[in-house]
Amino acid sequence: MLNKDNQGKVMTVLGPIEPNQVGNTTTHDHVLINFQAILTEPLNPKEKKYMDEKINLENIGWVRFNWSSSKDNLTYEDKEIAIEELGHYKKSGGQTIVDVTNIGLGRDPEKLKNISQETGVNIVMGSGFYVELAQKKGYTNDGIESMFEVIMDDIKFGADKTDIKSGIIGEIGCSWPWTDNEKISMEASVMAHKETGLPLLIHPGRNQFAPLEIINYIENLGADLSNVVMGHVDRTIFDYDILKDTADTGVYINLDLWGHDSPFYPLAPETYMPGDHQRLDMIEFLIEEGFENRILLAQDICTKHRLKKFGGHGFDHLLTRIVPWMKSRKIDQKNIDKMMVQNPQKMLTIK
Ligand SMILES: [Zn+2]
């Protein structure tokens with residue numbers, strides 16, 4: 001049974017829209033989130049005492065470094081704050097946001113619908129399962145078929161017993177090493193991707209070879225790689241030969257952590273978080289290699305401290321600061337439009 005009702009459209013929380021209504025888009029962010037699953041202890045045990053503090057001006061320096069150790073930092077579910085934050089995005093020319101908050105991250109379809117109505121920003125909502133660490137024990141016990149049905153319900157009828165439909169399958173969580181349960185979740189996601197023509201967006205494990213391992217796996221399951229988004233490439237791949245090999249597979253390359261510039265990476269201390277200047281280097285390399293039609297951009301805002309209200313750069317970071325920086329580095333308008341508008345539009349259009 002094929003579900004091709006919305007073929008050629010983009011599915012938002014307010015219903016289907018025409019692709020030409022997509023406009024400037026960030027392709028991986030979180031309008032609301034509950035990210036407590038990744039709570040980690042700070043690097044220096046002497047600083048554990050800050051874990052329970054609310055964010056304030058005196059501890060914000062600590063929070064920026066130990067962003068996954070502050071409980072307050074890991075959740076924002078307030079609708080009014082989200083409306084304010086997306087208001088800044090809208091004012092800067094933002095038209096669509098892909099919210100890949102899915103199962104395990106506190107997805108709230110009703111609130112997203114409300115926020116979209118209030119702000120006029122199109123929100124494309126995620127589906128499927130985030131990493132195993134964020135799931136209930138035994139979440140795959142009922143098997144692939146049943147997980148597939150959960151995802152299909154999100155897409156065909158509405159998520160979490162609402163009538164609000166998902167427009168993308170992701171972010172599908174993979175750890176490093178990739179766990180057996182996450183492979184089951186991926187297989188269910190690929191089945192739904194094939195059945196519905198919706199794009200599949202992947203959160204790879206933090207290892208340079210993780211994206212290629214996953215791509216190989218899903219290709220064998222029959223995924224349409226031209227309709228797959230490899231997420232977090234900027235924090236995962238540092239070697240440009242591996243970057244090129246990954247892009248050569250035909251997937252979209254999501255450089256989706258713009259503005260997340262604190263180099264210590266608490267979730268993977270053996271590696272690091274690159275800065276925006278390194279993301280610009282990556283873009284220039286990818287364009288030079290002819291991949292300008294496969295690049296997507298986002299900020300993956302998933303903690304309070306990156307919202308404007310808590311001293312962060314906000315959802316408009318790309319449009320307000322990075323686009324001018326791109327121009328000053330001689331990345332031309334044609335390519336900027338591809339990365340901000342045309343590529344997301346093509347990616348989100350249901351095949
Ligand atoms: Zn994310």
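**Figure 1. Parallel pairing of strands β3 and β6 in the predicted model.** In this predicted model, strands β3 and β6 are joined by four bridges and pair in the parallel sense. Within this pairing, Thr-26 has Ile-97 of β6 as its bridge partner. Helix α3 packs on the sheet and touches both β6 and β7, and its direction makes about 160 degrees with that of β7.

**Figure 2. The open sheet β3-β6-β7.** Three strands, in the order β3-β6-β7, form an open sheet with parallel pairing. The edges are taken by β3 (24–29) and β7; each has a single partner strand, so one side of each is left without a neighbour in the sheet. Averaged over the sheet and with direction ignored, neighbouring strands are turned by 20 degrees against each other.

**Figure 3. Strand β7 and its pairing with β6.** Strand β6 (residues 94–99) runs parallel to β7, and four bridges join the two. Across this pairing, Val-98 stands opposite Val-124 in β7. Strand β7 comprises residues 122–125, of which Asn-122 and Val-124 point one way and Ile-123 and Met-125 the other way. Residues on both faces of β7 are buried, namely Asn-122, Val-124, Ile-123 and Met-125.

Figure 4. Strand β6, helix α3 (residues 109–119) and strand β7 make up a right-handed β-α-β unit. One of the residues in helix α3 is Gln-117. Because 13 other C-beta atoms lie within 10 Å, Gln-117 is partly exposed; this class falls between the limits of 12 or fewer for exposed and 20 or more for buried.

**Figure 5. The five-stranded open sheet.** Five strands form an open sheet with parallel pairing, in the order β8-β9-β10-β11-β12. Strands β8 and β12 (295–297) stand at the edges with a single partner strand each, and therefore one side of each has no neighbour in the sheet.

Figure 6. Strand β8 (residues 169–173) is mostly covered, with five of its five residues buried. Three bridges connect β8 to strand β9 (residues 200–203), and the two strands pair in the parallel sense. Ile-169 has Leu-200 of β9 as its bridge partner, while Ile-172 stands opposite Ile-202 in β9. Together with helix α5 (residues 180–196), β8 and β9 make a right-handed β-α-β unit.

Figure 7. Most peptide bonds are trans. The bond from Gly-170 to Glu-171, by contrast, is cis, with omega near 5 degrees. Glu-171 is placed in strand β8. A cis peptide bond also leads from Trp-176 to Pro-177, where omega is near -5 degrees. Pro-177 belongs to the loop between β8 and α5.

Figure 8. Most residues other than glycine have a negative phi. Lys-161, not a glycine, has a positive phi of about 65 degrees. The residue Lys-161 is located in the loop between α4 (144–156) and β8. Because 9 other C-beta atoms lie within 10 Å, Lys-161 is exposed. Asp-300 likewise has a positive phi, near 40 degrees, in a residue other than glycine. The position of Asp-300 is in the loop between β12 and α10 (317–328). Asp-300 counts as buried because 24 C-beta neighbours lie inside 10 Å.

Conventions. Residues numbered from 1 in each chain as written. Predicted model: local features only at pLDDT ≥ 70, side-chain atom pairs only at ≥ 80, totals over all residues. Pairing = 2+ DSSP bridges. Right-handed = clockwise from strand over helix to strand, strands pointing away. Axes fitted to C-alpha atoms, helices over the stretch in contact; angles between N-to-C directions. Contact = placed C-beta atoms within 7 Å.
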